Amino acid sequence: MDLQALYQEIILDHYKSPHHAGLREPYEAEVHHVNPTCGDEVTLRVHVEDGVIGDISYDAEGCSISQASTSVLADLLIGIPIDQAHGIHQKFVELMQGRGQVEPDEEILEDGIAFAGVAKFPARIKCALLGWMAWKDATVRAVTDLEAKI
Amino acid sequence: MTTTETVAAFAPVTGFDVERIRADFPILSRRLDGDRPLVYLDSANTSQKPRQVIDAMTAHYEQINSNVGRAVHQLGDASTQAYEAARVKIAAFINAPDPSEVIFTKNASEALNLVANTLSWARGDYEVGAGDEVVITEMEHHSNIVPWQLLTERKGATLRWFGLTDEGRLDLSQIDSVITDRTKVVSVVWVSNMLGTVTPLETIIRRSHEVGALVVVDASQAVPQLPVDVTALGADLVAFTGHKMVGPTGIGVLWGRSEVLDALPPFLGGGSMIETVKMEASTWAPLPAKFEAGTPPIVEAIGLAAAVDYLSAIGMDRVAQHEHAITAYALSRMNEIDALTILGPAEAVDRGGAISFELEGVHPHDVSQILDSLGIAVRAGHHCAKPAHKRFGVQSSTRASFYLYTTSGEVDALIDGLDQTKRFFKVA
């Protein structure tokens with residue numbers, strides 16, 4: 001069992017000092033996602049501005065994998081056009097569901113490639129995806145709400 | 001460690017040969033990744049099974065397999081006899097006055113749901129209706145919370161509960177105002193699966209019966225660990241499960257006083273539970289068949305009987321003594337670890353063999369992942385006891401739990417593993 005593959009230094013660094021943590025204004029959507037098997041929770045807000053992810057802020061309680069993954073998510077997607085952000089999201093989900101067979105693209109996923117090893121630990125994939133699923137849910141809601149107002 | 005500190009020592013139970021017991025459990029000699037021996041500290045989740053249980057089930061499948069209670073052929077007779085003999089053994093194991101009071105279910109959850117549902121459908125004395133109250137505790141497993149939430153919501157009744165002290169004991173200081181004339185049912189855990197606490201059932205049962213309330217006991221962690229005598233206990237209904245007491249999965253038990261079970265309506269309808277069926281209406285079979293609709297878990301019942309034989313041969317008093325000795329040793333060793341907080345009683349007094357804890361700065365998932373890499377199996381999460389975790393201000397915990405095959409060496413492996421976990425996550 002390759003613990004070093006699971007707990008890359010990058011993951012532990014993000015866990016110890018998560019980036020963009022805390023809940024901030026303004027935001028168009030806030031969601032609360034839970035992993036029912038372990039009880040990990042995240043409250044996540046998305047601010048969308050001119051077709052770009054203006055901010056991702058969050059309050060998360062959970063293991064190193066879920067905390068670090070949410071931190072990496074915020075690093076990667078803040079300031080990115082929504083369509084492109086969905087593309088990066090897709091790449092991360094594919095990496096996590098790839099049973100360790102998917103070669104991650106560092107150009108796209110940056111620190112996210114550190115999670116390649118997590119895909120070999122089926123019990124931890126949900127941890128890595130908690131923040132990402134919350135982000136997708138919040139972004140879809142934010143965009144839907146904005147469109148409804150136009 | 002300086003010489004002035006007391007070094008915790010394991011006090012083995014005289015004549016209790018753990019190695020000989022371990023030899024009965026094939027899985028305990030298997031190797032995990034990295035050729036590491038299995039250190040199984042998750043018995044509160046499910047226990048391992050001895051060869052005797054596995055063999056009894058295989059033998060039934062190979063030589064006797066047939067449905068019960070209906071076939072006239074030789075196999076049908078033998079299968080029915082084995083199934084009913086299992087009931088008699090389990091009745092004797094818990095000292096039930098009559099084997100027909102032992103109802104086989106799928107697990108303890110089903111047993112508790114059987115009670116909560118039939119109480120909502122009952123008419124007369126046992127009916128739970130608007131204005132009535134059901135009392136549980138904050139340390140219950142979800143399976144002894146949710147069925148009562150469903151019942152009270154549906155019937156307009158009120159759910160109340162006992163809180164916990166900081167030490168993880170039941171706070172019974174207001175017992176007379178929690179259990180009152182309005183209380184119809186009191187359903188309480190015997191041994192907590194998270195905190196390890198053994199609840200003072202005698203006090204609760206006395207007060208409940210004073211006000212005429214039914215007492216339901218979730219004995220899922222108690223029957224595996226303690227000598228149980230339901231007649232002496234005085235509760236009305238007791239639920240437990242087979243797989244935590246070296247038996248198979250897929251079988252649980254509801255014991256109830258026949259007066260209560262007779263008064264309750266059926267739970268599931270179908271084959272075996274009827275006396276006669278007409279298109280307009282049906283009548284019910286007597287106990288225990290009334291509550292056993294459909295083909296029951298036959299081979300699982302036979303496996304559970306083998307488990308009961310196995311535990312009885314060792315002696316439940318000795319199983320309890322070993323559990324206590326191992327738990328006391330583990331508590332004393334865990335108390336040595338800085339940054340480790342035990343949730344629940346820190347001393348092995350009125351305490352079962354499950355120890356939930358927090359390691360400061362490391363999430364339970366990560367603790368269990370590091371331990372798993374060393375071959376040590378513990379549980380991480382909320383252990384289906386979210387309210388009890390919330391009471392102690394935590395979302396989840398790591399839990400080590402012990403059984404008759406647990407050695408002091410395995411506790412030492414856990415302590416070393418926790419030390420490695422701290423170093424891995426650079427926690428002082």
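A cavity is a set of points, on a 1 Å grid over the protein atoms alone, where a 1.4 Å probe fits but cannot get out, whereas a pocket is an open set with protein on both sides within 12 Å along at least five of seven lines, and lining residues have an atom within 4 Å of a point. Grid points are joined across faces, edges and corners, and a volume is the space filled by probe spheres set on the points.

This is a predicted model, in which local features need pLDDT of at least 70 and side-chain atom pairs count only at pLDDT 80 or more, while totals for chains, interfaces and linings use all residues. Residues are numbered from 1 along each chain as its sequence is written, chains are lettered from A in the order in which they are written, and side-chain values use heavy atoms, with hydrogens and water left out.

The structure holds 2 cavities of 30 Å³ or more.

| Space | Volume | Lining by class |
|---|---|---|
| Largest pocket | about 490 Å³ | 9 nonpolar, 6 polar and 5 charged residues |
| Largest cavity | about 80 Å³ | 5 nonpolar, 5 polar and 2 charged residues |
| Second largest cavity | about 40 Å³ | 4 nonpolar, 3 polar and 1 charged residues |

Of the 20 residues that line the largest pocket, A:Ala123, A:Arg124, B:His365, B:Ser368 and B:Val378 lie nearest its centre. Two or more lining residues come from each of helix H6 (122-149) of chain A and, in chain B, helix H12 (364-373), strand S15 (376-377) and strand S16 (379-381); helices (H or I, at least four residues) and strands (E, at least two) are DSSP runs, numbered from the N terminus.

The lining of the second largest cavity includes B:Asn113, B:Ser120, B:Pro147 and B:Arg154, and the elements that give two or more residues to this lining are helix H4 (108-121) and helix H5 (146-155) of chain B.

**Between the domains of chain B**

Chain B is divided into domain 1 (18-37 + 315-424) and domain 2 (53-313), with bounds that come from an automatic or database domain assignment. Their centres, taken over C-alpha atoms, are separated by 28 Å, and the contact (heavy atoms within 4.5 Å) takes 35 residues from domain 1 and 33 residues from domain 2. The lining of the largest cavity draws at least three residues from each of these domains, and among its residues are B:Ser43, B:Gln221, B:Lys244, B:Glu323 and B:Ser401.

B:Ser43 lies in the loop between strand S3 (39-40) and helix H2 (51-63) of chain B. B:Ser43 counts as buried because its relative accessibility is 4%, buried meaning under 20% relative accessible area with a 1.4 Å probe and protein chains only. Leaving aside neighbours within four places in sequence, B:Ser43 is in contact with B:Ser401, B:Phe402, B:Tyr403 and B:Tyr405.

**Nonpolar cores**

In soluble globular proteins, nonpolar side chains tend to be buried together. A nonpolar core is a set of buried Ala, Val, Leu, Ile, Met, Phe, Trp, Tyr and Cys residues joined through side-chain atoms within 4.5 Å. The largest such core has 81 residues, and those with the most contacts inside it are B:Trp190 and B:Leu404. Helix H10 (residues 298-314) of chain B gives the largest share of this core, 12 residues, and at least three residues come from each of domain 1 and domain 2 of chain B. A second, separate core of 77 residues includes A:Leu12, A:Val93, A:Cys127 and B:Leu414.

Notes. Buried means under 20% relative accessible area, exposed over 50%, partly exposed in between (1.4 Å probe, protein chains only). Ala, Val, Leu, Ile, Met, Phe, Trp, Tyr, Cys and Pro count as nonpolar, Asp, Glu, Lys and Arg as charged, and the others, Gly among them, as polar.
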